[in-house]
Amino acid sequence: MSLIKQIDHIIKINQRVAESTGFIYLNYLRNIFDDLLKIYNLYSQQISCAVVQQHTQNNPMLKPMKAVRRDILKLIQTYLLKETDKSFTVFYQQFLPSLKLLIDDYKANAQDARDPEVLHLFSTMVKLMGH
């Protein structure tokens, strides 16, 4: 469980860096983006399995995994809010296709395992991008 908390701590640090540096953070985000989505997917699958099997009460790892998953979404949202290129050209080309994984994951998960932050992220994307 301490590894999960360390991962969450690193993601929160990245969120603060993205908030303070804005567009400059893009280069680093490119390097870690695929890994973030892999972590998100792994934890999301584990959370969904626990919910389906009704092992949610005695599993101390679920809460930290949910926190990591939520903080990954918040990191992406923070980057979008700080993006200075309001045409979002780079985002469209490099990140948007990969985010389909989040939608697929949201649809595939058990209802109680879904994270509403996914909807919040995509709502923010629609508002910012105007589509």
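**View 1. Helix 3 from end to end.** Helix 3 covers residues 62–82, and its end C-alpha atoms lie 30 Å apart. Helix 3 is mostly covered, with 15 of its 21 residues buried (buried: under 20% relative accessible area, 1.4 Å probe, protein chains only). The model is predicted: local features need pLDDT of at least 70, side-chain atom pairs count only at pLDDT 80 or more, and totals for chains, interfaces and linings use all residues. Residues are numbered from 1 along each chain as its sequence is written, and side-chain values use heavy atoms, without hydrogens or water.

**View 2. Asp8 in helix 1.** Asp8 sits in helix 1 (residues 2–21). Its relative accessibility is 9%, so Asp8 counts as buried. Not counting residues up to four places away in sequence, Asp8 touches Ala67, Val68 and Asp71 (contact: heavy atoms within 4.5 Å).

**View 3. The core and Leu80.** The largest nonpolar core has 38 residues (buried Ala, Val, Leu, Ile, Met, Phe, Trp, Tyr and Cys joined through side-chain atoms within 4.5 Å). Leu29, Ile76, Leu80, Phe91, Leu99, Leu102 and Met125 touch the most other members. Helix 2 gives the largest share of this core, eleven residues. Leaving aside neighbours within four places in sequence, Leu80 contacts Lys86, Phe88, Phe91, Leu121, Met125, Leu128 and Met129.

Key. Helix = DSSP H or I, 4+ residues; strand = E, 2+ residues; numbered from the N terminus. Expected span 1.5 Å × (residues − 1). Buried < 20%, exposed > 50% of the residue type's maximum accessible area, 1.4 Å probe, protein only.
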